[in-house]
Amino acid sequence: MLTLFHAPQSRSSAIMLLIEEMGIADKITVEITDIVRQDGSGHRDPANPHPEGKVPCLVHDGTVITERGAIMLYLTALFPEAGLAPRPGDAKRGAYLTWLFWYGSVMEPVLILDWAKAEVPGVRASLRGTAEINDRLHSALAKGPWLLGEEFSAADVLCHTPFAFYPPSMPDDPLIRDWVARCQARASVGRVKEQDAATLAARAA
Ligand SMILES: N[C@@H](CCC(=O)N[C@@H](CS)C(=O)NCC(=O)O)C(=O)O
């Protein structure tokens, strides 16, 4: 059994997007959970098995999987027929894995450093900055509408989300802006936004 612990309008919305894109909503039970938000509102839900009380958290037959990149890799491997990832043996598989891991270990940490206006020279020397992030995205998008070229994949779902959810982080680059707009124009985005808004409204009532 697959269960996703999800808090509306949070990082777990990216997993909800992937589930919609893959057409596997009927295979996953979604548990709406509470989290501590950036403004201090909300609380840690003891029913959420994430070791830090965060979302997303996927549970598969008792095994806990956290981190969006890992959850995306897990789900796309479990349901390869959904077509959201190149399969092992496909020449694009390496690039796909690179985007998922690069996102969590470089792109998001750099964006958080930038948002927090934290200048720590040693950390910068290791992670680099937004210019390098944007160069890497730009080079990929110069070759195709999506990060892997012609095929939309879970890598697009993951990597575009910070720009969509926190627009001030959007670089002044038409290639990247148009890619984010293409990602956001997909039907899955509208559906997840509606579901999240309805869940929040029901909770507030
Ligand atoms: N690196 C994690 C980040 C997860 C994360 O920070 N989630 C936020 C939601 S936007 C959260 O649950 N925050 C609650 C808390 O910090 O206690 C991922 O990519 O899945």
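## Burial of helix α1

In α1, the buried residues are S13, A14, I15, M16, L17, L18, I19, E21 and M22, where buried denotes 20 or more other C-beta atoms within 10 Å of a residue's own, exposed 12 or fewer, and partly exposed the range in between, with C-beta atoms placed from the backbone. The helix is thus described as mostly covered, with nine of its 10 residues buried. Helices (H or I, at least four residues) and strands (E, at least two) are DSSP runs, numbered from the N terminus.

The cover over the buried residues of α1 includes β1, β2, α2, α6 (154-165) and α8; contact here requires C-beta atoms, placed from the backbone, to lie within 7 Å. After α1 comes G23, which has a positive phi, near 65 degrees.

## Basis of the model

The model is predicted: local features need pLDDT of at least 70, side-chain atom pairs count only at pLDDT 80 or more, and totals for chains, interfaces and linings use all residues. Residues are numbered from 1 along each chain as its sequence is written.

## Strand pairing

Strands are paired if DSSP finds at least two bridges between them. Strand β1 (residues 2-6) runs parallel to strand β2 (residues 28-32), and five bridges join the two; T3 has T29 in β2 as its bridge partner. Together with α1, strands β1 and β2 make a right-handed β-α-β unit. Right-handed means that, with the strands pointing away from the viewer, the path from the first strand over the helix to the second runs clockwise.

β1 is also joined to strand β3 (residues 57-60), in an antiparallel arrangement with four bridges, and L4 stands opposite L58 of β3. β3 in turn pairs antiparallel with strand β4 (residues 63-66), again through four bridges. C57 has T66 in β4 as its bridge partner. β3 and β4 form a hairpin with two residues between them, and D61 in the turn has a positive phi of about 45 degrees.

## Overall architecture

The chain has eight helices and four strands, arranged along the sequence as β-α-β-β-β-α-α-α-α-α-α-α. Its radius of gyration, taken over C-alpha atoms, is 17 Å, close to the 17 Å that the globule rule gives for 205 residues, so the chain is as compact as a globular protein of that length; the rule is 2.2 Å times the number of residues to the power 0.38.

Along the principal axes, the C-alpha atoms fill a box of roughly 45 × 40 × 30 Å. Buried residues make up 30% of the 205 in the chain. Of the contacts between residues at least 6 apart in sequence, 62% join residues at least 24 apart.

## Domains and their contact

The chain is divided into domain 1 (2-84 + 190-204) and domain 2 (93-187), with bounds from an automatic or database domain assignment. The domain centres, taken over C-alpha atoms, are separated by 21 Å. Domain 1 supplies 13 residues to the contact and domain 2 supplies 10 residues.

On the side of domain 1 that touches domain 2, the elements giving two or more residues are α1 (13-22), α2 (68-78) and α8 (187-204). Among these, α2 gives the most, with five residues. By class, this side of domain 1 has six nonpolar, three polar and four charged residues. Nonpolar covers Ala, Val, Leu, Ile, Met, Phe, Trp, Tyr, Cys and Pro; charged covers Asp, Glu, Lys and Arg; the others, Gly among them, count as polar.

Methods. Contact = placed C-beta atoms within 7 Å.
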